[in-house]
Amino acid sequence: MELLAPAGNFDKLVTAVHFGADAVYFAGKQFGLRAFAGNFSDEEIEKAMLFLHENGKKGYVTLNIVAKDIDFENLDPYLAHLEKCKVDGLIVSDVGLIYYIRKNFPSLNVHVSTQANVNNSQSAKFYADMGVTRIVLARELSLNDIKNIRKNLPASVEIEAFVHGAMCISYSGRCLLSNYLTGRDSNRGACVQACRWKYFIREESRDDEYEIQEDERGTYILNSKDLCMIEHIKELEEAGIASLKIEGRMKSDYYVASVVNAYRRAIDGKNDMKTLLDELEKTSHRRYTTGFYFGSDDKEHLETSMPVQTAVFVAKVVEDEKNGYAKVEMRNRFKKGDKLEILSPSDAFGKTITIEKIITEKGEEIDDCKRVQEIVSISTPYHLQKGDILRVNKSSEI
């Protein structure tokens, strides 16, 4: 199965590849549903595809807005550029866009977005007949539903499904709340995540009293728990899913590193499940759920608290270790004597380093690294690779 990771910008794309993603998905500066992510210019798309193909990986570009007629006016030059860059697939939700791309740019592979709400075999076959090569199923399906859809599709059409990350409380992400409250349309890439704001329910006649208040920080009645299927890789494979998709183009590169690393290790059988579940606790998340995969009661999806994580990202390795020293970029303050844990795709994963020396680029030895994004060298008994991450384990709320 393919492990598919999010890339909000080029650095996150490189991080995803370093930690074991088989493919990444990202957006250009237009037509995608994450307008506030860094996203990729036309030049960066070309650079990204060259990098991915040189490393034996694939890249999929999102064009998953709900399109209006005006969106077609500047579409041809963009599609021609994506074709030139040899993009491996376009993730599209709007049936008009799918029709247009298949008719005018037939060499481009089309993946039907989860936003298209494919919930049944007949919908899936409709898109298959249009010539799409992959369908990203709606998140509201069970494993049994997916098995049945797989059985009714031609072998040439793959199935992709989300396995980890934030879920919209609306149906497969089709939400009007952001548009209604702020005028920013989530179906055209401008969601402000209004569902994550704090809300309360008040009985009509009691203007000054809250009737429902879950905790001291407020109520999160429109929130969903985060999806996590890392314990069920075998069931996902048996259902006929070809690509396991991680949500998170708006998340940090540390999030991408942690989650991709965990799922890569789960797929490859490298670590015990307790280690991998602990790993997923170390990056920002809401409590986990298996979503609809096992026909769970919908109430089990609701979240009532803020996201948490049990580790803090403090440094990123920018050059391979040489002669017992690794050059790192500081992300959060650390000092001599601190014990840092290694996040790496290598065998160094999970090992700890006690910082004995910190040396600046000027050759000065310091005890406390507190300048944001300062480049320093630290002593290490382990071989660290460019792209590895160092963190401090401690309870922390984000």
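These are my notebook entries on a few places I looked up in this predicted model.

**Ground rules.** I number residues from 1 along each chain as its sequence is written, and my side-chain values use heavy atoms, with hydrogens and water left out. Since the model is predicted, local features need pLDDT of at least 70 and side-chain atom pairs count only at pLDDT 80 or more, while totals for chains, interfaces and linings use all residues.

**Entry on helix α5.** I began with α5, residues 121–129. Helices here are DSSP runs of H or I with at least four residues, strands are runs of E with at least two, and both are numbered from the N terminus. Which residues of α5 are buried? I found Ser121, Ala124, Tyr127 and Ala128. (Buried means under 20% relative accessible area, exposed over 50%, and partly exposed in between, with a 1.4 Å probe and protein chains only.) These four cover an arc of only 125 degrees around the axis, which puts them on the same side of α5. The arc is taken from the directions that run from the helix axis to the C-beta atoms.

What do the buried residues pack against? My list reads α4 (95–104), β5 (110–112), β6 (134–136) and α6 (143–151).

I also checked both ends. Asn120 caps the N-terminal end of α5, with a side-chain oxygen 3.1 Å from the backbone nitrogen of Gln122. Just after the helix, Gly131 has a positive phi of about 100 degrees.

**Entry on Phe72.** Where does Phe72 sit? I located Phe72 in the loop between β3 (58–63) and α3 (75–84). Phe72 counts as partly exposed because its relative accessibility is 22%. Setting aside neighbours within four places in sequence, I noted contacts (heavy atoms within 4.5 Å) from Phe72 to Ala67, Gly96, Leu97 and Tyr100. Gly96 is 24 residues from Phe72 in sequence, and their C-alpha atoms are 9.7 Å apart.

**Entry on cysteines.** How many disulfides are there? Taking a disulfide as a pair of cysteine sulfur atoms within 2.5 Å, I got zero. I looked at two cysteines as well: Cys228 counts as buried at 9% relative accessibility, and Cys369 is buried at 0%.

**Entry on strand β14.** Last, I visited β14 (residues 339–343), where four of the five residues are buried. Three bridges join β14 to β15 (residues 352–354), and the two strands run antiparallel. Lys339 has Thr354 in β15 as its bridge partner.

Note on methods:
A polar contact is a pair of N or O atoms within 3.5 Å; within protein, one must be able to donate a hydrogen and the other to accept it, and residues adjacent in sequence count only if both atoms are side-chain atoms. Two strands pair if DSSP finds at least two bridges between them.
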